[in-house]
Amino acid sequence: MRQDQDIFAPDFKETPYWWEAAPRPRREPAPVPPRTDVAVVGSGYTGLSAALHLARGGRQVTIFEAGEPGQGASSRNAGYVGRTLKHGLGSLIESLGAERAVGFYREARFAYEHVREAIEREKIDCHLVRCGRFMAAASPAQYESMARDMETKRKYLGEESEMVPAGETRRELGTPSFQGGALIPDMSSIHPGLFQLGMLARAEEAGASILAHTPVTGIRREAAGFMVETPRGRTVAREVVLATNGYGGRESPYLRRRVIPFHGYMVATGELPPGTVERLIPGSRTCHDYRHNLFYFRRAPDGNRILLGGRSGNPTRDLKGKARRLHKALGEIFPELRTAKLSHVWTGQCAATFDQWPHIGEQDGIHYAGGYCFAGVPMGTWFGYKIARRILGAQEGRTAFDDLPFETRPYYWGWPWFRPLAVAQLDWKDRRGH
Ligand SMILES: Cc1cc2nc3c(=O)[nH]c(=O)nc-3n(C[C@H](O)[C@H](O)[C@H](O)COP(=O)(O)OP(=O)(O)OC[C@H]3O[C@@H](n4cnc5c(N)ncnc54)[C@H](O)[C@@H]3O)c2cc1C
């Protein structure tokens with residue numbers, strides 16, 4: 001109890017910090033229409049991006065959302081907008097050859113530019129800043145590994161970066177915990193909750209309608225298209241878009257066998273004394289360390305706080321316990337914050353895949369996209385747009401990711417029994433400094 005009082009602010013909450021400025025919008029559950037051109041399942045970035053472009057293309061669009069609009073990861077993430085993939089460029093070049101490897105990274109860049117352009121074009125006020133990304137090295141070996149990676153990206157992608165030597169770390173982070181790192185100036189950040197609300201507003205203005213608290217429980221093929229079942233009624237849709245990422249369920253046995261849900265966790269400090277955030281993260285970059293199960297930290301865009309995420313993986317009911325562990329990590333990264341109080345802890349569900357690629361495709365005529373492995377701000381928005389272009393019959397619906405086989409594993413039906421082992425293995429590698 002005493003420890004709780006020490007680290008938790010009096011107004012501590014177990015909901016996303018982002019929901020303070022971007023509360024989840026209330027929508028009375030509207031009647032389920034008998035027909036629609038396109039049923040979009042899920043109201044995060046993927047679903048809203050698809051819905052917006054389909055509605056602008058003249059389709060009647062109905063968005064089905066199991067809970068409040070945008071209650072999934074799209075209003076819970078860290079707001080890093082990057083163009084990285086889980087597979088490093090160097091290892092991809094070795095396994096696939098330079099042309100194919102560069103093709104994937106080029107697509108990630110398109111996604112990055114697309115989301116920036118969409119925010120500007122749609123005039124969505126969500127604190128979009130080209131802030132740069134700083135990756136902090138905990139050892140000379142990590143620093144060398146980053147330097148090699150940056151060099152490969154410079155050579156094959158023309159990507160600008162700067163190695164910050166150990167002696168100059170304080171330019172980027174006000175802590176003795178790191179020994180230099182890599183700075184990529186062209187990376188961005190947003191307020192994720194405001195971005196989701198902005199996309200929702202634009203999709204509704206374009207004519208899409210959203211049915212909140214209307215989970216899709218089944219989808220059946222019919223002569224006229226698809227029968228979309230919900231507890232509140234059924235709709236016949238010509239096309240269906242599955243945009244459920246880490247929250248999918250029985251509506252798609254195909255995706256359940258291929259998407260591996262895992263939980264991300266974040267905390268926010270309470271308001272820090274004036275000058276603290278400027279001293280600790282002087283450049284306002286989005287930052288992370290170089291562990292396998294990494295910690296990521298940034299300034300809150302709209303306040304004097306620091307947000308930190310990490311210890312991703314398994315679900316827990318004990319969010320306060322998770323907050324304590326993240327608070328400990330916060331104090332190890334920034335010793336000055338050992339006594340800082342936390343105002344929020346929250347969790348959200350992400351989606352990994354067996355091959356660690358994001359996926360977009362069509363199965364039995366149903367469009368889907370997901371498995372973004374922590375990169376859904378750009379990738380979800382981009383893939384949603386691409387699905388819309390495909391349904392509208394436009395040429396530019398193709399992506400570099402189209403031909404990837406979407407793998408599953410024997411005995412995997414949606415419950416990731418292997419997840420604790422995978423997380424333990426990552427933690428073990430991090431403890432050993434591999
Ligand atoms: C803590 C955390 C930090 C992250 N940080 C970053 C980051 O900094 N940068 C980044 O790029 N990515 C990050 N991500 C990942 C990113 O948030 C996701 O990849 C992205 O939001 C996925 O968007 P989406 O629209 O596909 O899915 P979601 O936003 O998760 O939306 C899916 C929606 O589908 C709904 N749904 C599910 N099943 C049904 C059903 N049967 N019927 C109706 N509705 C249904 C859910 O209720 C949910 O609202 C992070 C994720 C977490 C959790």
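A salt bridge is a side-chain nitrogen of Lys or Arg within 4 Å of a carboxyl oxygen of Asp or Glu. In the present structure, which is a predicted model, the side chains of Asp430 and Arg291 meet this criterion, with a nitrogen-to-oxygen distance of 3.8 Å. Asp430 belongs to helix α12, whereas Arg291 is found in the loop between β14 (286-288) and β15 (296-299); the pair therefore ties together parts that are 139 residues apart in sequence.

Side chains of opposite charge can pair when their charged atoms come close. A search of the whole structure finds 32 salt bridges. One of them joins the side chains of Glu159 and Arg83, with N and O 2.5 Å apart. Glu159 lies in the loop between α6 (140-157) and β6 (162-164), and Arg83 lies in the loop between β4 (80-81) and α4 (89-96), so this pair ties together parts that are 76 residues apart in sequence. Glu159 is buried, because its relative accessible area is 8%. Arg83 likewise counts as buried, at 5% relative accessibility.

A further salt bridge is formed by Arg109 and Glu113, whose closest N and O atoms are 2.5 Å apart. Both residues lie in helix α5 (residues 98-121), where a spacing of four residues corresponds to about one turn of the helix. Arg109 has a relative accessible area of 27% and is therefore partly exposed. Glu113, at 29% relative accessibility, also counts as partly exposed. The position of Asp430 in helix α12 and of Arg291 in a loop has been described above. Elsewhere, salt bridges that share partners join Arg83, Arg109, Glu113, Arg130, Glu159 and Asp186 into one network.

The surroundings of the ligand were considered next. The ligand is surrounded by 37 residues, and the closest are Thr46, Glu65, Ser74, Tyr80 and Val377. By class, this shell consists of 19 nonpolar, 15 polar and three charged residues. At least two residues of the shell come from each of α3 (45-56), β13 (259-269), β17 (342-353) and α11. Of these elements, α11 gives the most, with three residues.

For Phe374, a backbone N or O atom lies 3.2 Å from a nitrogen atom of the ligand. Taken alone, the ligand exposes 1,000 Å², and the protein buries 97% of that area.

Trp413 counts as exposed because its relative accessibility is 56%, and exposed means over 50%.

Notes: Residues numbered from 1 in each chain as written. Predicted model: local features only at pLDDT ≥ 70, side-chain atom pairs only at ≥ 80, totals over all residues. Heavy atoms only, no water. Buried < 20%, exposed > 50% of the residue type's maximum accessible area, 1.4 Å probe, protein only. Near = heavy atom within 4 Å. Polar contact = N/O pair within 3.5 Å; in protein donor to acceptor, adjacent residues only side chain to side chain. Areas by Shrake-Rupley, 256 points an atom, 1.4 Å probe, with all protein chains shown as cover. Nonpolar A, V, L, I, M, F, W, Y, C, P; charged D, E, K, R; others polar.
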